[in-house]
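Visitor: Please show me the chain, and then let us go through it by question and answer.

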Amino acid sequence: MRGMISVILSPGDDEVRLAALLEALVPAAVDRLVKDVTIVAPGAGAGIRLLAEDMGADLADGGIAEACASTRGAWLMILARPARLVRGWEDPVEDFVAKGPSFARLSVPVQGWLQAAMGRRGGGEALLVERTLYEAAGGWGVGQGVEGGEGLYRALRRGGSRGGTRFDLHVLAE
């Protein structure tokens with residue numbers, strides 16, 4: 001199951017958050033859970049380019065769809081907005097991947113029923129999806145930002161027994 005996940009990041013121009021996110025991915029790469037990392041940064045500045053080079057990440061000048069197509073992992077972990085991973089994120093992700101083809105929305109843990117009820121109901125900005133399901137659902141919308149992920153998430157949810165159940169993996173931090 002090792003080396004199965006390609007991580008696609010779209011950090012905007014937030015170099016500090018990108019550096020912290022790449023640092024959080026290092027242990028998973030060393031343990032061979034993460035196969036490759038692609039940073040989607042059209043027109044990226046020197047700082048983001050340097051971070052990508054220093055961390056061994058690929059830099060994609062196109063969009064998220066093109067970045068997903070260029071990766072090699074059997075699973076895609078797509079973070080379409082700047083995000084932070086919680087300490088120990090690897091364990092629930094690895095357990096989820098071991099269960100076989102599916103998809104999950106990556107989210108921030110909620111603290112209580114009111115926060116859960118008031119929380120966002122989107123889902124496309126942070127996803128973990130097995131590649132064949134990603135492709136069967138039509139992939140990320142070419143040329144689209146986060147809205148491409150919302151369409152993908154809806155298509156995955158409509159996928160019936162091959163992925164119609166929504167899973168939330170609470171691996172993101174605020």
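Visitor: Which residues does Arg131 touch, not counting residues up to four places away in sequence?
Guide: This is a predicted model, and Arg131 sits in helix 6, which spans residues 131-136. Leaving out residues up to four places away in sequence, the residues that Arg131 touches are Ser6, Cys68, Thr71, Arg72, Gly73, Ala74, Trp75 and Leu76.

Visitor: Which side chain makes a polar contact with the side chain of Arg131?
Guide: The side chain of Arg131 reaches a backbone oxygen, that of Cys68, at 3.3 Å. For a contact with a side chain, at 2.6 Å, the partner is Thr71.

Visitor: How far from Arg131 is the nearest side chain of opposite charge?
Guide: Arg131 is buried and has no salt bridge. A salt bridge requires a side-chain nitrogen of Lys or Arg within 4 Å of a carboxyl oxygen of Asp or Glu. For Arg131 the nearest side chain of opposite charge belongs to Glu135, and the distance is 4.3 Å.

Visitor: How many salt bridges does a search of the whole structure find?
Guide: Side chains of opposite charge can pair when their charged atoms come close. Another joins Arg49 to Asp61, where the closest N and O atoms are 3.3 Å apart. The search of the whole structure gives a total of two.

Visitor: In the pair of Arg72 and Asp36, how many residues apart in sequence are the parts tied together?
Guide: Arg72 lies in the loop between helix 3 (64-70) and strand 4 (75-79), and Asp36 lies in strand 2, so the parts that the pair ties together are separated in sequence by 36 residues.

Visitor: Which side chain is joined to that of Asp36 by a polar contact of 2.4 Å?
Guide: Asp36 is found in strand 2, residues 34-40. A polar atom of its side chain lies 3.2 Å from the backbone nitrogen of Arg72. Among the residues that Asp36 touches are Ile5, Ser6 and Val7. The side chain joined to that of Asp36 at 2.4 Å is that of Ser6.

Visitor: What distance separates the C-alpha atoms of Phe103 and Leu128?
Guide: Phe103 belongs to strand 6, residues 103-107. Phe103 is buried, with a relative accessibility of 0%. Along the chain, Phe103 and Leu128 are 25 residues apart, and their C-alpha atoms are separated by 5.5 Å.

Visitor: Which residues make the nonpolar surface patch of about 250 Å²?
Guide: Val30 lies in helix 1, residues 15-30. Val30 is exposed, at a relative accessible area of 61%. The patch of about 250 Å² is made by Val26, Val30 and Met55.

Visitor: What share of the 174 residues in the protein chain is buried?
Guide: The secondary structure of the chain comes to seven helices and nine strands. Its accessible surface is about 8,800 Å², with 52% belonging to carbon and sulfur atoms. Of the 174 residues, the buried share is 45%.

Definitions and conventions: Residues numbered from 1 in each chain as written. Predicted model: local features only at pLDDT ≥ 70, side-chain atom pairs only at ≥ 80, totals over all residues. Heavy atoms only, no water. Patch = residues over 30% accessible without salt bridge, like charges linked within 9 Å, V, L, I, M, F, W, Y side chains within 5 Å. Areas by Shrake-Rupley, 256 points an atom, 1.4 Å probe, with all protein chains shown as cover. Helix = DSSP H or I, 4+ residues; strand = E, 2+ residues; numbered from the N terminus. Buried < 20%, exposed > 50% of the residue type's maximum accessible area, 1.4 Å probe, protein only. Lys, Arg positive; Asp, Glu negative; His and termini not counted. Polar contact = N/O pair within 3.5 Å; in protein donor to acceptor, adjacent residues only side chain to side chain. Contact = heavy atoms within 4.5 Å.
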